[in-house]
Amino acid sequence: AMLDPDRGLSLTIARVVQRLQGSSLHSQLERQARVSLHKPEIKLESLKEDIKDFLKTSGWEKKLQNAVYSELNVFPSPCHPAAPPEHIKEPLAYMRKAQGSWEKRILKSLNSMCTELNIPLAQKRPANEQKELLNKWNEMGTDEPDLSLFRPVYAPKDFLEVLMNLRNPNYENGEQPSFRNHLGLIQVPLKVKDIPELKEGFSELGLNIGQLGIDDAAQVPPEFFENEHVRVGQKVLAEQDSAAAQQYVRQGCPTALRADLWALILNISNQPEDILYYEQLKSNVIQHNLLVDSLIYKDVKLTASNDDYYFVFEDYLYQVLLCFSRDTSVLEHFTYSSATPPKSYIQGKLGMEEYAVFYPPNVNYNSFILSVAPLCFLYHEPSKLYQIFREMYVRFFFRLHSISSHPSGIVSLCLLFETLLQTHLPQLFYHLREIGAQPLRISFKWMVRAFSGYLATDQLLLLWDRILGYNSLEILAVLAAAVFAFRAVNLMEVTSLAAAEAVLADLSTLKVMPLLQIFLFATVT
């Protein structure tokens with residue numbers, strides 16, 4: 001049910017106020033207002049206005065604006081007040097049902113692993129083990145436990161199978177007319193953008209606009225654009241305005257400013273209370289042993305140690321992911337995610353809420369690791385790195401692991417990718433389909449991991465600049481289609497899935513921005 005704009009706005013304001021009331025920013029603002037009462041420029045007769053002016057000049061108003069902006073970016077626009085809460089999670093019943101059964105399958109897999117290996121989902125660590133873990137917290141990578149019995153809970157291709165089997169029950173036997181000619185693997189009728197709409201949405205990527213990541217722009221000599229762009233970036237940082245930063249990074253971030261600009265967009269300031277919170281998560285890791293710890297360990301070993309770029313960050317990866325698996329504040333995002341967190345209890349405490357452990361719903365840690373690793377290039381302080389990752393997860397990455405109808409959700413991205421290929425490269429699409437090499441079977445893993453582990457790091461960061469800048473993951477599907485377009489000549493010659501995979505096996509030499517520009521703005525539509 002749609003809301004009239006005014007009603008929607010007042011609901012949004014009420015929700016933002018309610019969410020900010022319990023925050024540390026709220027108490028800081030109150031404290032600042034009290035402090036200001038002792039200042040000579042604050043007059044009793046104009047008290048309210050004077051305090052407002054003081055908060056403006058002392059930079060607190062900007063902090064409040066950023067907090068409001070952050071809320072609006074993360075939470076969906078309000079539903080009709082009469083809508084049941086599950087509609088906020090996901091409006092389509094068949095999507096909610098599919099997500100529910102996928103979660104059951106994951107939990108069943110976890111539970112059967114516990115039974116098989118005779119280990120609980122969660123238990124307290126003995127004191128000597130706690131001490132040992134604390135001592136080697138910064139070098140966990142030196143450990144070599146035997147994890148041969150632990151197996152990944154699912155692989156990307158298992159998840160793809162589930163998405164391929166999704167159907168809208170209202171359309172029996174594919175009778176939806178507009179959709180009948182969609183020949184991809186995804187068979188649900190969701191609205192995705194066409195190239196004209198994407199051009200409009202991503203207008204700052206246009207051919208005549210300066211971009212970081214394009215070396216040979218005809219209009220402006222690149223070094224001239226870069227120097228000017230750096231100057232503007234420093235100004236944006238000095239202003240400390242999240243909305244301005246988000247607009248700015250659409251043209252790419254200068255390397256030296258990226259860490260600060262991303263933190264500003266995500267509204268992460270690493271206050272003392274944030275550092276304390278991280279320390280509490282760390283002590284929880286040290287006190288309790290979860291089954292997922294072994295899964296995280298195994299995946300980090302497999303992922304990081306096989307990757308020339310990421311292996312140096314192995315210790316950071318353990319710290320961030322072990323803490324993340326204990327972080328209950330992440331549960332907030334389940335009010336607007338189609339997922340519901342599975343819950344388990346510390347051994348012997350079944351049903352006692354204070355001993356409940358919420359299981360992170362995505363137990364494919366391999367993708368998690370690949371979404372933390374690139375951030376290690378930017379942030380070297382564990383609590384800051386942790387907060388940035390957590391915010392990236394609750395804004396973006398969770399959508400790649402849950403079944404929903406959201407435009408940035410993995411189902412829509414798969415459909416967008418297939419539609420772009422089928423519409424703009426029909427010959428290639430039909431050829432690959434004929435030889436049993438459905439393009440999505442190749443590109444799915446790129447999108448599910450937001451291209452981490454596939455692109456060179458500098459290119460990956462330029463891509464993620466745009467995810468933050470547009471507050472959307474749709475660019476992942478556009479890039480996946482652009483890669484196929486770029487390699488189309490070679491792909492037209494292959495005769496099997498294995499050969500097609502070989503053509504697309506190495507993306508590490510690709511330059512992201514030219515590919516996106518050519519595909520979006522130079523394709524004849």
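1. Basis. The model is predicted; local features need pLDDT of at least 70, side-chain atom pairs count only at pLDDT 80 or more, and totals for chains, interfaces and linings use all residues. Residues are numbered from 1 along each chain as its sequence is written, and side-chain values use heavy atoms, with hydrogens and water left out.

2. Overall. The protein has 25 helices and 4 strands. These are DSSP runs numbered from the N terminus: helices are H or I, at least four residues, and strands are E, at least two. Of the 525 residues, 51% count as buried. Buried means under 20% relative accessible area, exposed over 50%, and partly exposed in between (1.4 Å probe, protein chains only). Among contacts with a separation of 6 or more, 77% join residues 24 or more positions apart. A contact means heavy atoms within 4.5 Å.

3. Helix α3. This helix spans residues 47–57, and Asp50, Ile51, Phe54 and Leu55 are buried in it. They sit on the same side of α3 because they cover an arc of only 135° around the axis, taken from the directions from the helix axis to the C-beta atoms. Cover for these buried residues includes α2 (24–36) and α4 (60–74). Lys48 and Thr57 are exposed, on the face turned away from the buried side.

4. Surface patch. Leu9, Ile13 and Val17 form a nonpolar surface patch, with about 270 Å² of accessible area together. Patches take residues with over 30% relative accessible area and no salt bridge; like charges are joined within 9 Å, nonpolar side chains (Val, Leu, Ile, Met, Phe, Trp, Tyr) within 5 Å. Areas come from the Shrake-Rupley method with a 1.4 Å probe; for residues, only the protein chains shown count as cover. Leucine 9 lies in helix α1 (residues 5–21).

5. Salt bridges. The count is 13. Each is a side-chain nitrogen of Lys or Arg within 4 Å of a carboxyl oxygen of Asp or Glu. Glutamate 161 and arginine 441 pair at 3.4 Å, N to O. Glutamate 161 is in α8 (residues 156–164) and arginine 441 in α20 (residues 439–448), so the pair ties together parts 280 residues apart in sequence.

6. Two further pairs. Lysine 193 bridges to glutamate 474, with the closest N and O atoms 3.1 Å apart. Lysine 193 is partly exposed at 33%; glutamate 474 is buried at 10%. Glutamate 391 forms a salt bridge with arginine 395. Both lie in helix α17 (residues 382–395), 4 residues apart, about one turn of the helix.
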